[in-house]
Amino acid sequence: MSIMPDFASFLIYLFHHFLMIKTERFIKGYFFSYSMEPEPKRVGVYHYENGVGEMIAKSLNVSGSYSAEYTPISRQTPPGAIAEEISTKKPNLVFLSLNFRSWSESGVRSQEGLEELVRIREKSQVPVIMVTGGDTTYREEALKRGANGYLAGAFMPAEVIALADRLTGQTQS
């Protein structure tokens, strides 16, 4: 009686078992280690402090499809600071205030946002939505300078999400 057939059978068994374990681990790792949910899109919200910027960021975060970060801006925000931050953080979408201060602060509407939009376009092609409080005077100028959207007046959170979805290619289920 030879020991060879038993040893050969044993080696075949080990090799087969080894392949099965490796295949099972590969399949589990490949199909089950990755989440089926897409990564949330990163959104930068740049608005002066009046609650609008926070509302935009919260609306997007609650939707679950976005990770929005609100950054307050003001007259003291240096020219180019937002464009520089965007080129560093690389968000998928930006909401930018047309004005860097409220009407009551200055007595006149400012257009620092339009100037900053030009600086953003020099560094990035990220979709930018200009935000203003009901004034559509600068809509055409904003679009000419590279804005992808314009949100004016009293708007609902659903409008913010719908506009973000359109510009990022997201679909809500």
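User: Before anything else, what counts as a helix here?

Analyst: Helices (H or I, at least four residues) are DSSP runs, numbered from the N terminus. The model is a predicted one, in which local features need pLDDT of at least 70 and side-chain atom pairs count only at pLDDT 80 or more, while totals for chains, interfaces and linings use all residues. Residues are numbered from 1 along each chain as its sequence is written, and side-chain values use heavy atoms, with hydrogens and water left out.

User: OK, where is Ser59?

Analyst: Ser59 lies in helix α2, which covers residues 52-63.

User: Switching topic, at roughly what angle do the axes of α3 and α5 cross?

Analyst: The axes, which are lines fitted to C-alpha atoms over the stretch in contact, cross at roughly 30° and come within 8 Å, with α3 spanning residues 81-89 and α5 residues 112-123. That makes α3 roughly parallel to α5, since angles under 35 degrees count as roughly parallel.

User: Which residues of α5 make that contact?

Analyst: On the α5 side they are Glu116, Arg119, Ile120 and Lys123, and they meet α3 residues including Ala81 and Ile86.

User: What about Gly113, buried or exposed?

Analyst: Gly113, which is in helix α5, is buried, with a relative accessible area of 0%, and its C-alpha atom is separated by 9.0 Å from that of Val131, 18 residues apart along the chain.

Conventions: Helices (H or I, at least four residues) and strands (E, at least two) are DSSP runs, numbered from the N terminus. Axes are lines fitted to C-alpha atoms, for helices over the stretch in contact, and angles run from 0 to 180 degrees between N-to-C directions. Angles under 35 degrees count as roughly parallel, over 145 as roughly antiparallel, 65 to 115 as roughly perpendicular and the rest as oblique. Contact means heavy atoms within 4.5 Å. Buried means under 20% relative accessible area, exposed over 50%, partly exposed in between (1.4 Å probe, protein chains only).
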